[in-house]
Amino acid sequence: MRISEVLNITPGVTSIIGGGGKTTLMLTLARELSDKGTVIILTTARIFPPEGITLVTSTSKQEVSEKVKEQKVVCVSEGVDDNGKLLPPTFEIKELMELADYIICEADGAKRLPLKAHLDYEPVVPQESSQTILVVGIDGIGKAIKDTCHRPKLYAELAGCREDTIVTPEVAMTVINKEELGTKIFINKVESNDQMEIARKMSGLTSLPVIAGSLMNGEYKCL
C-alpha cells in the first residue's frame, strides 16, 4: 500500500507539519508521486538537504523547469544557511506550481522530536496547500513532555499540565485539537499491535481523518 494513495495526495501543494518523520514522509511521497508526474520538494522552515535528491538553487524558472523534467523529483531552495540547512525558495509557490505536478512542502520544524506545540508564527503553510498533513510520532506517547516534545513549556500549557507529565493519548490529542492546524493526522512509527491500539484511541479523540502506520515498514491503516 502506498502512503500517497492512503493520504489521497492530489496534484498541487501538500504541506507537512508536526514531528515524528516529516522529512521521511516528504521523501516517500516524492518517490511514489514521481511515478505519476513531476515533483518539487521544498521547505518553508529549515531542513538538511535530502540525500539523493537534486538540489536546485537557480533563480531561473526555465532552469528549474528543465531540471524537473530531467530528474522527475528536485528540491528547490535559495541555498543553505550557516548551519547547512536549506532555505525556502525565492520563487512564489504559485510560480513553482507551474513547473511541477506536485509540490510537497515541509512547513514545520520539530528538532527531530515526535511531538510539538506551535508558536503563533508556526507552521509556515503556503496558502495554496490543498491539504496539510500533521505528523505525530507514536514513540512520543508514554514519555514526559519535557523529554519528547518540541516547545515543552507551551505543550504543557496547552495540555493543562506540567512539563514532567507523561504524554497520554488524551494529552496528545488535547494539544492537537486546541491547535487545529492539520487537515489529516498521520501517526507514524506504529509497528506493534499495542501501538496500533494507542493510535486507535487517539483517532477516537478527534474529528480529523487519521492514518496510522510505519513509513519504515510501508504499512498503513485508515482509522
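Is Glu122 buried or exposed? In this predicted model, Glu122 counts as buried, with a relative accessibility of 13%, where buried denotes under 20% relative accessible area, exposed over 50%, and partly exposed the range in between (1.4 Å probe, protein chains only). Residues are numbered from 1 along each chain as its sequence is written, and side-chain values use heavy atoms, with hydrogens and water left out. Because the model is predicted, local features need pLDDT of at least 70 and side-chain atom pairs count only at pLDDT 80 or more, whereas totals for chains, interfaces and linings use all residues.

An open sheet of nine strands shows mixed pairing and the order 3-4-2-5-1-7-9-10-11. Strands (E, at least two residues) and helices (H or I, at least four) are DSSP runs numbered from the N terminus, and two strands are taken to pair if DSSP finds at least two bridges between them. The edges are formed by strand 3 (54-56) and strand 11 (219-222); each has a single partner strand, so one side of each is left without a neighbour in the sheet. From one strand to the next, the twist averages 25 degrees. In general, strands of a sheet pair through backbone hydrogen bonds, either parallel or antiparallel. Strand 2 (residues 39-43) and strand 4 (residues 73-76) run parallel and are joined by three bridges. Within strand 4, Val73 is the residue that stands opposite Val39.

Pairing between strand 9 and strand 10 is in the parallel sense, over three bridges, and Phe186 stands opposite Ile211 in strand 10. The chain passes from strand 9 through helix 8 to strand 10 in a right-handed β-α-β crossover; right-handed here denotes a path from the first strand over the helix to the second that runs clockwise when the strands point away from the viewer.

Strand 10 and strand 11 run antiparallel and are joined by four bridges, with Tyr220 in strand 11 as the bridge partner of Gly213. The two strands form a hairpin with four residues between them, and Gly218 in the turn has a positive phi of about 70 degrees.

Charged pairs were also examined. The structure holds eleven salt bridges, each defined as a side-chain nitrogen of Lys or Arg within 4 Å of a carboxyl oxygen of Asp or Glu. One of them joins the side chains of Arg151 and Glu122 at 2.8 Å, N to O. This pair links distant parts of the chain, 29 residues apart: Arg151 is in the loop between strand 8 (149-150) and helix 6 (152-159), and Glu122 is in the loop between strand 6 (115-116) and strand 7 (129-137). Arg151 is partly exposed, at 23% relative accessibility. Another salt bridge pairs Arg200 with Glu197 at 3.8 Å, N to O. Both residues lie in helix 8 (residues 193-203), three residues apart, about one turn of the helix. Salt bridges that share partners join Asp108, Lys116, Glu122 and Arg151 into one network.

The structure holds zero disulfides, a disulfide being a pair of cysteine sulfur atoms within 2.5 Å. The sulfur of Cys161 is 8.8 Å from the closest cysteine sulfur, that of Cys149, too far for a bond. Cys161 is partly exposed, with a relative accessible area of 25%, whereas Cys222 counts as exposed at 57% relative accessibility.

Finally, Ser129 lies in strand 7 and is buried, at 17% relative accessibility. Leaving aside residues up to four places away in sequence, Ser129 touches Val13 and Ser15, contact meaning heavy atoms within 4.5 Å.

Technical notes
Axes fitted to C-alpha atoms, helices over the stretch in contact; angles between N-to-C directions.
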